[in-house]
Amino acid sequence: MARKILIFDTTLRDGEQVPGAKLNTEQKLTVARQLEKLGVDVIEAGFPISSPGDAEAVRQVALAVRNPIITGLARAVKNDIDVLWHSICEAASPRIHIFLGASDIHLAKKLRTDRQKNIEMAVDAVRYAKKLCPNVEYSTEDASRSDFDHLCRTIEAVIEAGATVINVPDTVGYAVPEQFGALIRRIRESVPSTDRIILSVHCHNDLGLATSNSLAAVANGANQVECTVNGIGERAGNAALEEIVMTIKTRHDAFDVECGVVTTEIAATSHLVSRMMNIPVQPNKAIVGQNAFAHSSGVHQDGILKDRSTYEIMSPETIGLKEHMLILTARSGRAALRHKLKDMDYEISDRMFEKIYKRFLKVADRKKEIGEKDLRSIVEIELSKVPETYAFVSLQVMSGDKALPLACVTLKKGDEELRDASIGNGPVNAIFNCIDRISGHSAMLADYKVEALTTGKDALGEASVQVRIDDHTYSGRGASSDVLEASARAYINAFNRYFAAARDD
Ligand code: KIV
Ligand code: ZN
């Protein structure tokens, strides 16, 4: 049977140490409830001694969230432990978490103590905590840079004093996977009493190795991983919960361990934490970045549509997303566009599809990504097109606050290219005047609107016009990432309706 790994979430403590990420009690409760839904084993809800507000927030979490173990952080001093205990004593399963530096750097420069006194301080704190709470975690801060013998002596002593969990942190993100894995194995081998306790790791991401180091530790005998949602935390952050959990799940063959996280809650939790703490998730972030399941190259999209396993090692549904996203770009092929249109419930003939594809490529050339709204506009304009007496070819406009607006428009009528230039009281007016001159008809503009279909600087603009020609009103629509071109297309579309109506009469 696979070994069980406990997931210790410290989003509300180490994660909250990110500048600007401080949560109030209500927000902490919301995140803690979601972490419970996510199925983490331990929630570190805060550092109660840091402020009365945090102490109260941790207390509220302890009262409201009953399934996971609730812990909070304390330095190895009585007052910290008392304040923490007051916050968590009513939890269904409380745990006191004490930390104290173990490396010579911390001993000499920060704590100004020696190794013997360091062990005595640790033992005193654990003994004191143990009188209050049966479940005590002891963290050997900066373990990865600590003297190995001192580390083992400390661990042995605090287990003897009653610690039930020993945490080995890579506090400054200095470790590399092979060495860190070996450290965990050597601790297990050198301190036999670690058989009786949970051996935990807590890795920081200063070299981008937090997940790898944590997993190397798991492979070598660690049975608790401390991590945060989206990998947030002090400096470059902590090991990302979603990366640990999804690696264990996806590469079960490599680790043969399991954890109790409900993976379908990962996306929702990531989103909530990002929103609550105001820390955006980088787009290419593993598992939870917005591009993590987005296939954009034509070759990849074709593969995905044929069989998802071609380019997908885990399905987006596993983390609670509806489905993989096909981001349509100029590189997307016909198959991807057809699939997307079908998804959007369009029934389109092969002939019409070719027209839409041609137009799609033109728009995608200018706009990097084509979303559903863009596509809807492209399709609906193509579907509502009348026979093209005049077809748009090109447009040049000169305008400015001091210059007289001038437009040069080229249209196609049958095989013939027609070009003219015109001035106007604005660039749009100049374009419309120019189209009037080419067509030999003068239209009265009754209505004109431009709307951005999507957000962003490269949004597709849709222009709609109503023109009156010979006492009849004709409407037209055109779309482009260039609003002047969209306007020209809309005006030509209205003219084509006029010609089509004239032919029908
Ligand atoms: O990074 C660290 O060492 C910590 C400890 C308090 C566990 O956050
Ligand atoms: Zn930390």
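Is lysine 306 buried or exposed, and what is its relative accessibility? Lysine 306 comes out as exposed, because its relative accessibility is 64%; the cut-offs are under 20% relative accessible area for buried, over 50% for exposed, and partly exposed in between, using a 1.4 Å probe and protein chains only. This is a predicted model, where local features need pLDDT of at least 70, side-chain atom pairs count only at pLDDT 80 or more, and totals for chains, interfaces and linings use all residues. Residues are numbered from 1 along each chain as its sequence is written, chains are lettered from A and ligands numbered from 1 in the order in which they are written, and side-chain values use heavy atoms, with hydrogens and water left out.

**Zinc site**

- The zinc ion (ligand 2) is held by Asp14 (OD), His202 (NE2) and His204 (NE2), at 2.0 to 2.1 Å.
- Donors here are N, O and S atoms within 2.8 Å of the metal (3.2 Å for Na, K and Ca), and water is not among the atoms, so sites may look incomplete.
- Along the chain, the donors of the zinc ion (ligand 2) are spaced as D-x187-H-x1-H.
- Aspartate 14 sits in the loop between strand S2 (6-9) and helix H1 (25-38), while histidine 202 belongs to strand S8 (residues 198-203), so this pair ties together parts 188 residues apart in sequence.
- Both aspartate 14 and histidine 202 are buried.

- Helices (H or I, at least four residues) and strands (E, at least two) are DSSP runs, numbered from the N terminus.
- Helix H2 (residues 52-64) has 13 residues and should span 18 Å at 1.5 Å a residue, which agrees with the 18 Å between its end C-alpha atoms; the expected span is 1.5 Å times one less than the number of residues.
- The buried residues of H2 are Asp54, Ala55, Ala57, Val58, Val61 and Ala62.
- Looking down the axis of H2, the buried residues fall within an arc of 160°, so they line one face of the helix; the arc is taken from the directions from the helix axis to the C-beta atoms.
- Helix H9 (residues 241-250) has seven of its 10 residues buried, so it is largely enclosed by the rest of the structure.
- Those buried H9 residues are Leu241, Glu242, Glu243, Ile244, Val245, Met246 and Ile248.

**Salt bridges**

- The count is 33 salt bridges, taking a side-chain nitrogen of Lys or Arg within 4 Å of a carboxyl oxygen of Asp or Glu.
- In helix H2, glutamate 56 and arginine 59 are three residues apart, about one turn of the helix, and their side chains meet in a salt bridge at 3.1 Å, N to O.
- Arginine 59 also has a salt bridge to glutamate 90, at 3.5 Å, N to O.
- Glutamate 56 is partly exposed at 32% relative accessibility, arginine 59 is partly exposed at 23%, and glutamate 90 is partly exposed at 45%.
- Back to lysine 306: its salt bridge partner is aspartate 302, with the closest N and O atoms 2.7 Å apart.
- Lysine 306 and aspartate 302 are four residues apart in helix H12 (residues 298-306), so about one helical turn separates them.
- Aspartate 302 is partly exposed, with a relative accessible area of 30%.
- A network of salt bridges links Glu16, Lys22, Lys28 and Asp54.

**Surface spots and contacts in space**

- Leucine 406 is part of strand S14 (residues 406-413) and is partly exposed at 32% relative accessibility.
- Asparagine 425, in the loop between strand S15 (416-423) and helix H16 (427-439), is exposed at 73% relative accessibility.
- C-alpha to C-alpha, asparagine 425 and leucine 406 are 9.1 Å apart in space and 19 residues apart in sequence.
- Alanine 335 lies in helix H13 (residues 334-343), and its C-alpha is 6.4 Å from that of aspartate 302, 33 residues away in sequence.
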